[in-house]
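Trainee: I would like to go through this model label by label. Can you set each value against its cut-off for me?

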Amino acid sequence: MTWDAPLPPPPVTPLRWTGAWRDGRLALLDQTRLPREETWLEHRTSAGVVDDIQRLAVRGAPIIGVAGAYALVLASREIIESQPGISVPAWAAAFDLSLIH
């Protein structure tokens, strides 16, 4: 291998986060469209991620778990954006309520 050899293409991944925590979004590979079409579903809110998990656009236990974790990040951001200056106890209560609904 030489130092100027081209790098191999990045591995295929069924999800990706783009942007920073405050303005980022989650893109999920719509696995219902495979293998004929590569479609990415972009989300800035947790509800869309939950919907994609429920309708099986996201498949496989590891990816469902990671997508669910990103949904929690998005839910946290939604609470913080809707209630600027929220205290940690109030955030935790709002977060618990957001998981119920």
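Mentor: Keep in mind that the model is predicted. Start with a charge and a ring: Arg 16 lies over the face of Trp 40, at 3.7 Å from the ring centre.

Trainee: What makes Arg 16 count as lying over the face of Trp 40?

Mentor: The CZ of Arg must be within 6 Å of the ring centre and within 35 degrees of the ring normal. The distance here is 3.7 Å, and Arg 16 is placed over the face of Trp 40.

Trainee: Where do Arg 16 and Trp 40 sit in the strand pairing?

Mentor: Arg 16 stands opposite Ala 27 in S2. Trp 40, in S3, is the bridge partner of Leu 29.

Trainee: Why are S1 and S2 called paired?

Mentor: Pairing needs at least two bridges. Four bridges join S1 (residues 15–18) to S2, so the two strands pair, and they run antiparallel. Six residues lie between the strands of this hairpin, where Gly 19 takes a positive phi near 95°.

Trainee: How do you know that S2 pairs with S3 as well?

Mentor: The test is again at least two bridges. S2 and S3 (residues 40–43) have four, in the antiparallel sense. As for cover, four of the five residues of S2 (residues 25–29) are buried.

Trainee: Why is Ser 46 called buried?

Mentor: Its relative accessible area is 14%, and buried means under 20%, so the label holds. Ser 46 is found in helix H1 (residues 46–54). Not counting residues up to four places away in sequence, Ser 46 touches Ala 71, Leu 74, Ala 75 and Glu 78.

Trainee: What makes Glu 42 and Arg 25 a salt bridge?

Mentor: The limit is 4 Å from side-chain nitrogen to carboxyl oxygen. Their side chains meet at 2.6 Å, N to O, so the pair qualifies. Glu 42 in strand S3 and Arg 25 in strand S2 are 17 residues apart. Glu 42 is partly exposed at 47% relative accessibility. Arg 25 is partly exposed at 31%.

Trainee: Which salt bridges does Arg 33 form?

Mentor: Arg 33 meets Asp 30 at 3.8 Å, N to O. With Glu 37, the closest N and O atoms are 4.0 Å apart. Salt bridges that share partners join Asp 30, Arg 33, Glu 37, Asp 52 and Arg 55 into one network.

Trainee: How do you know that Asp 30 is buried?

Mentor: Asp 30 has 3% relative accessibility, and the cut-off is under 20%, so Asp 30 is buried. Arg 33, at 43%, is partly exposed. Glu 37, at 38%, is also partly exposed.

Technical notes: Residues are numbered from 1 along each chain as its sequence is written. This is a predicted model: local features need pLDDT of at least 70, side-chain atom pairs count only at pLDDT 80 or more; totals for chains, interfaces and linings use all residues. Side-chain values use heavy atoms; hydrogens and water are left out. Buried means under 20% relative accessible area, exposed over 50%, partly exposed in between (1.4 Å probe, protein chains only). Contact means heavy atoms within 4.5 Å.
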